[in-house]
Amino acid sequence: MKIKTNLESIKKQIPPSVELVVVSKNRTLDEVQEVVDNGITNLGENRVQQLLSKYDNIKGDVNWHFIGHLQTNKVKYIIDKVCLIHSVDSLKLAQEIQRQSVKHDKITDILIQINVSKEKSKYGINIEEYEDFLESLKQMKNINVKGLMTIAPYTEKIEETRYIFSELKEIYDKIKINEIAYFNVEMKTLSMGMTNDYLIAIDEGSNMIRVGRGVFE
Ligand SMILES: *Cc1c(COP(=O)(O)O)cnc(C)c1O
């Protein structure tokens, strides 16, 4: 009942143009199944092993999102199972996604993770590097860059994170205006905002939020 009520209250707060990805990491199969049974189609996982076990056991139409740091040697396990990889944070990872996508004869949608806050503990490319990064992705024909993702620092003073979201939105818009320069870039998704900060993120232009605790707790 808690899950259903939580989902209803989140949905009431977000405009229809914002997609909700429910982060199912560390939750039991029963909990995750309840989310799907309540009409959620987007689930996010940050560990390959957890994604695989839920992938096999959850019933229903689910689009699986990979949202955590992805080791190159594990790309092969999820490449044919995910609809979007939010967390592309290195050229080496992009190259492996390209290689595995060719093997599976598919085009893989990705987001570039940007470490706007520059926290050492966070993955993601630096904001200054995004142009070079896009340039390097240009030749990877089985990769589609669908947008950007970031994780804001956790803080009680959530207003302090607002600049993180507005800076990423600025970069997103810049790339969007110039996307014609890249055959494999089609800016559609700005993935930012979690339980703590999704309202601020949406306020600053997010169109995809990733919510875990707010759904399950
Ligand atoms: C865990 C996680 C979330 C969800 O965080 P909550 O605070 O539980 O909403 C979102 N994005 C990423 C990348 C995560 O690892």
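Predicted model: local features only at pLDDT ≥ 70, side-chain atom pairs only at ≥ 80, totals over all residues.
Trainee: Why is His 65 called buried?

Mentor: Its relative accessibility is 2%. Buried means under 20%. So His 65 counts as buried.

Trainee: Where does His 65 lie, and what is it in contact with?

Mentor: His 65 lies in strand E3. Leaving aside neighbours within four places in sequence, its contacts include Val 21, Asn 42, Leu 51, Cys 83, His 86 and Met 208. Contact here means heavy atoms within 4.5 Å.

Trainee: Why does Asn 46 count as buried?

Mentor: The value is 18% relative accessibility. The limit is under 20%. Asn 46 therefore counts as buried.

Trainee: Where is Asn 46 found, and what does it touch?

Mentor: Asn 46 is in the loop between strand E2 (42–45) and helix H3 (48–57). Not counting residues up to four places away in sequence, Asn 46 touches Lys 25, Phe 66, Ile 67, Gly 68 and His 69.

Trainee: What makes Asn 73 partly exposed?

Mentor: Asn 73 has a relative accessible area of 47%. Buried is under 20% and exposed is over 50%, with partly exposed in between. Asn 73 is therefore partly exposed. Its place is the loop between strand E3 (63–66) and helix H4 (75–78).

Trainee: How far apart are the C-alpha atoms of Asn 73 and Leu 93?

Mentor: They are separated by 9.0 Å. Along the chain, the two residues are 20 residues apart.

Trainee: Why is Asp 30 called exposed?

Mentor: Asp 30 has 65% relative accessibility. Exposed means over 50%. So Asp 30 counts as exposed. Asp 30 is in helix H2 (residues 29–37).

Trainee: What is phi of Asp 105?

Mentor: Asp 105 has a positive phi of about 50°, although it is not a glycine. Asp 105 sits in the loop between H5 and E5.

Trainee: How do you know that Asp 105 is exposed?

Mentor: The relative accessible area of Asp 105 is 70%. The cut-off for exposed is over 50%. Asp 105 is therefore exposed.

Trainee: And Lys 118: buried, partly exposed or exposed?

Mentor: Lys 118 has 42% relative accessibility, so it counts as partly exposed. Lys 118 is in the loop between E5 and H6. Its phi is near 60°, a positive value in a residue other than glycine.

Trainee: How do you know on which side of H6 its buried residues lie?

Mentor: Take the list for H6 (residues 130–137): Tyr 130, Phe 133, Leu 134 and Leu 137 are buried. They cover an arc of only 95° around the axis, which puts them on the same side of H6. An α-helix has 3.6 residues a turn, so residues three or four places apart point the same way.

Trainee: What covers the buried residues of H6?

Mentor: The cover includes strand E4 (82–88), helix H5 (91–103), strand E5 (108–113), strand E6 (143–149), helix H7 (162–177) and strand E7 (185–191).

Trainee: Which residues of H3 are buried, and what covers them?

Mentor: Val 48, Leu 51, Leu 52 and Lys 54 are the buried residues of H3. Their cover includes H2, E2, E3, H4 and E4.

Trainee: What makes E5 mostly covered?

Mentor: Five of the six residues in E5 are buried.

Trainee: How do you know that E4 and E5 pair?

Mentor: Pairing needs at least two bridges. Two bridges join E4 to E5. So the strands pair, and they run parallel. Ile 85 stands opposite Ile 110 in E5.

Trainee: What is known of the largest pocket?

Mentor: Its volume is about 660 Å³. The lining has 30 residues, and Lys 25, Asn 46, Ile 67, Ile 151 and Met 194 lie nearest the centre. By class, the lining divides into 11 nonpolar, 12 polar and seven charged.

Trainee: And what lines the second largest pocket?

Mentor: The lining includes His 65, Cys 83, Leu 84, Lys 188, Thr 189 and Met 208. E4 and E7 are the elements that give two or more residues to this lining. The classes are three nonpolar, five polar and four charged. This second largest pocket has a volume of about 170 Å³.

Methods: Residues numbered from 1 in each chain as written. Heavy atoms only, no water. Helix = DSSP H or I, 4+ residues; strand = E, 2+ residues; numbered from the N terminus. Buried < 20%, exposed > 50% of the residue type's maximum accessible area, 1.4 Å probe, protein only. Arc of directions from axis to C-beta. 1 Å grid on protein atoms, 1.4 Å probe; cavity = no way out; pocket = protein on both sides within 12 Å on 5 of 7 lines; lining within 4 Å. Points joined across faces, edges and corners; volume = space filled by probe spheres on them. Nonpolar A, V, L, I, M, F, W, Y, C, P; charged D, E, K, R; others polar.
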